[in-house]
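I set down each look-up in turn.

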Amino acid sequence: MNRLHAQCFKPLYQERVWGGNGLHTYLGRDLPAGSVIGESWEIVDRPEAQSIALDGPWNGMTLRQILEGHAELLMGSGWPGGKRFPILVKWLDCKSRLSLQVHPPSDIAEKLGGEPKTEHWYVAETTRDAALILGLKAGVTPMDFEEALAKGTLEKCVHSFRTQPGDSLLVESGRLHAIDAGNLILEVQQNSDTTYRVYDWGRLGLDGQPRQLHIPQTLQCIDYGDIEPSPLRIPEIPGENTLLADCAEFTIVRHVLSPGETITFPSGECVRLLHLAKGAIQETSTSRTFPKGTNLVLPYAAEGKFAAPAQATLLVTIPKMLG
């Protein structure tokens, strides 16, 4: 096999009722004509969706095929070829508000027939009035929540705050949440697609019908002790690294690269996911240049060395669910 390097994949665009055109205007993507694109699945290994490698020795292969045939090179020794890639990466373009929802904690998910899902949001771009809904307001009890749900007044129970570019948020299973209008978000998540909607603001779906709600499941999953959380908001200083997330599923570190700076990731340590939030980077071994918005998998067996022509913000995810 030819020398391994950082692997990029073909984006899988998803229509969503709340989507917009931000993936084109901010990231320069060519989007399907006439479609309302809310999500771009950048790295995914699921039965219903597969990333396809765009270049290199694995060109044209799905992520599943790479794992089944080259698991040791991609993930390291001991990784079962039949096991799914542990992380799913998306871009979310939220032109309007998403539903109020929750993902099931691991101790409840199996009972409900779902999968646990912890995710991290990096806010890349916002409009002036963009906001997020996360957790509950102080003093809200489960009874208050259910009464407001019945009356259609849930907005008075949930915690909302304005967002700004660079905000970082860990949304663990059980945390009630909704992304409000005006946010372009990089989402790094546990490989799951279980979401329980409790409230959809009276909106209709793309088919003109109300979208399905999962009220009994949601009420079992909400962490009622999650009161008024706030984002991690640390200035981006060239040359500095910041730990954005450290949970059971992954760690995420933000690297702010100075103009001309290089960063090297040794081979034989772990598989890494690289997310370019701002600027551009060049892979020195291939001279490939990756623009803002790129998401890459750096295999376990590959060394990665990248240079930043100008200041760049690079997020690096290391999965923990290995074994």
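Which residue in S13 is the bridge partner of histidine 120? I looked this up and found valine 188.

**Basis.** I worked on a predicted model, in which local features need pLDDT of at least 70 and side-chain atom pairs count only at pLDDT 80 or more, while totals for chains, interfaces and linings use all residues. I number residues from 1 along each chain as its sequence is written, and side-chain values use heavy atoms, with hydrogens and water left out.

**Sheet.** I took helices (H or I, at least four residues) and strands (E, at least two) as DSSP runs, numbered from the N terminus. I counted two strands as paired if DSSP finds at least two bridges between them. Strand S8 (residues 119-126) pairs with strand S13 (residues 183-190) in the antiparallel sense, over seven bridges. I then traced the open sheet of six strands, with antiparallel pairing, and read its order as S2-S3-S6-S13-S8-S11. At the edges I found S2 (12-20) and S11 (168-171); each has a single partner strand, so one side of each is left without a neighbour in the sheet. Neighbouring strands of this sheet are turned by 25° against each other on average, direction ignored; the axes are lines fitted to C-alpha atoms, and angles run from 0 to 180 degrees between N-to-C directions.

**Salt bridges.** I required a side-chain nitrogen of Lys or Arg within 4 Å of a carboxyl oxygen of Asp or Glu. By this rule I have 23 salt bridges. For accessibility I used buried for under 20% relative accessible area, exposed for over 50%, and partly exposed in between (1.4 Å probe, protein chains only).

I first looked at glutamate 115 and arginine 84, whose side chains meet at 2.7 Å, N to O. Glutamate 115 lies in the loop between helix H3 (106-112) and S8, and arginine 84 in the loop between helix H2 (63-75) and strand S6 (87-94), so the pair ties together parts that are 31 residues apart in sequence. Glutamate 115 is partly exposed at 22%, and arginine 84 is partly exposed at 28%. I also noted that a network of salt bridges links Arg46, Glu48, Arg84 and Glu115.

Next I looked up arginine 211 and aspartate 200, with their closest N and O atoms 2.9 Å apart. Both lie in the loop between strand S14 (196-199) and helix H5 (215-221), 11 residues apart. Is arginine 211 buried or exposed? I found arginine 211 buried at 18%, and aspartate 200 buried at 6%.

Last, I checked aspartate 129 and arginine 128, which form a salt bridge at 3.9 Å, N to O. Here aspartate 129 is partly exposed at 46%, whereas arginine 128 is exposed at 75%.
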